[in-house]
Amino acid sequence: MICLLLWCHVTIQTPEWYINCVCNLILTQIHLHSLFSPLNSPFFLSLLSLVFKMFFFLVSCFCLIILSRFSFLKTFPSWNFEVGSYSFQCFFKHLLRTIMISLSLCPLDRMKNSVISSKTETLEKNKKKDVVCLSDLPDLPLECILEKLSPAGLTSMSGVSRSFRAMCTQDHLWERHLNQKWGKILMGDSVYKEWQAYIDTKKKQTLLSSSKGKGYFRVFTTGFWWKKNVKLNNTRICLPVDSIMAWYLSLETGNFSFPAQVYNRENGNVGFLLSCYDAKVSYDSNSDSFKARYLAHGRPTTEENIKWERLRSPVVDSSPYDLHVSSCLTDLHPGDHFEIQWRKSKEFPYGWWYGVVGHLESCDGNKLYCQCHRSDTVMLEFKQYGLGSRWREVVIDRKDHREVGNEEDGFYAGIRKLYNDHEILVWKALWPTKPLE
């Protein structure tokens, strides 16, 4: 191969770039030979050498054929010592440079790589010895850490691993967050019954969706869904639908609508001032407010942007269409605060209206001589209405109280006395700026 290159370069004046190309090919062969030499496979090395020799032979023949079409038609130049010496020097210069680079640098690179890799491995081992993983902590310190996390932090931690998922979805961790944010309006049996109905609905939906398969796949998927696991809030966290975490996430996302009562419904409509009506409400986390759907005869009424201070949990567990059985009638005295059921007609649900017990017409209002609490009748006053208004006063029977009223003035029903000062302050905070007619 070397003689062939010399003859081509000297006799037919092969360009120097061709010498460079062939020298680079020789470098490639030597470099690959040094890389694969640790394999110690004679068959592989001989096969690799044969392939490169055939490749060099084809390249040389192809170049000679092309050059012969242009050079052999001319008269060969005479041998010139200067040209020949320059050719020899150029050729051996390139050849020796490629060989020295291949023989000197390749083994050093492999040695450097092996040394560097070994050093990095030792450094990584030392780092692993010094670093303490959170999952390696005992259960008690880990529980203390998880109790300090927010609901968003617990949700994020539950997606780290299976062990953290089992720990972060425990009911006692989420019960504190549920009571802290939602405890004031999630009271009473009506809310619990609504949540149980929501759970049953979700189970039926997941069971129906899983049974849409065909053949054997339908049998397997139906069996899997009996484990009571569903995906909520697109968090890709499988948790029981009846867990407290699922309840909390359903409230935050607004998927669960629960029964509550709204003060001054319909954005403070004059016809509903100092009243509180039952509704189904859902939470909107973007505006930190609620959307209510009121129960009504005919088309339901909705209201949005309801703030937290206008909500409360249902005060009784009975239906808003049922009369509340009053147990405080014998304990009503002038000056006591109360709430009474009232509705416009018998097709509508009751709402709770605020008032104060007044003195009978036969009493002069003197506390020393007042005998109103001994009478069989009770005077109920609604001082938010002006004097002379037909909504100002109403008299009920203390011993045999039932729904009283008519289609013109509405119907009065059950009464509950307010013993809690906080409830009284809430009503007073909603007091209108001027008397109503």
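What percentage of the residues in the chain is buried, that is, under 20% relative accessible area with a 1.4 Å probe and protein chains only? Buried residues make up 38% of the 437 residues. The model is a predicted one, in which local features need pLDDT of at least 70 and side-chain atom pairs count only at pLDDT 80 or more, whereas totals for chains, interfaces and linings use all residues. Residues are numbered from 1 along each chain as its sequence is written, and side-chain values use heavy atoms, with hydrogens and water left out.

The chain contains 13 helices and 13 strands, taken as DSSP runs (H or I, at least four residues, for helices; E, at least two, for strands) and numbered from the N terminus. Of the contacts (heavy atoms within 4.5 Å) with a separation of 6 or more, 59% join residues 24 or more positions apart. The accessible surface, from the Shrake-Rupley method with a 1.4 Å probe, is about 27,600 Å², and carbon and sulfur atoms hold 59% of this area.

A search of the whole structure for cavities of 30 Å³ or more finds 1, a cavity being a set of points on a 1 Å grid over the protein atoms alone where a 1.4 Å probe fits but cannot get out, with lining residues having an atom within 4 Å of a point. The largest cavity holds about 40 Å³, the volume being the space filled by probe spheres set on the points, which are joined across faces, edges and corners. Among the residues that line the largest cavity are Leu332, His333, Val357, Cys372, Met379 and Arg398. Strand E9 (351-358) and strand E10 (377-381) each supply at least two lining residues, and E10 gives the largest share, with 3 residues.

Definitions and conventions
Buried means under 20% relative accessible area, exposed over 50%, partly exposed in between (1.4 Å probe, protein chains only). On a 1 Å grid over the protein atoms alone, a cavity is a set of points where a 1.4 Å probe fits but cannot get out, and a pocket is an open set with protein on both sides within 12 Å along at least five of seven lines; lining residues have an atom within 4 Å of a point.
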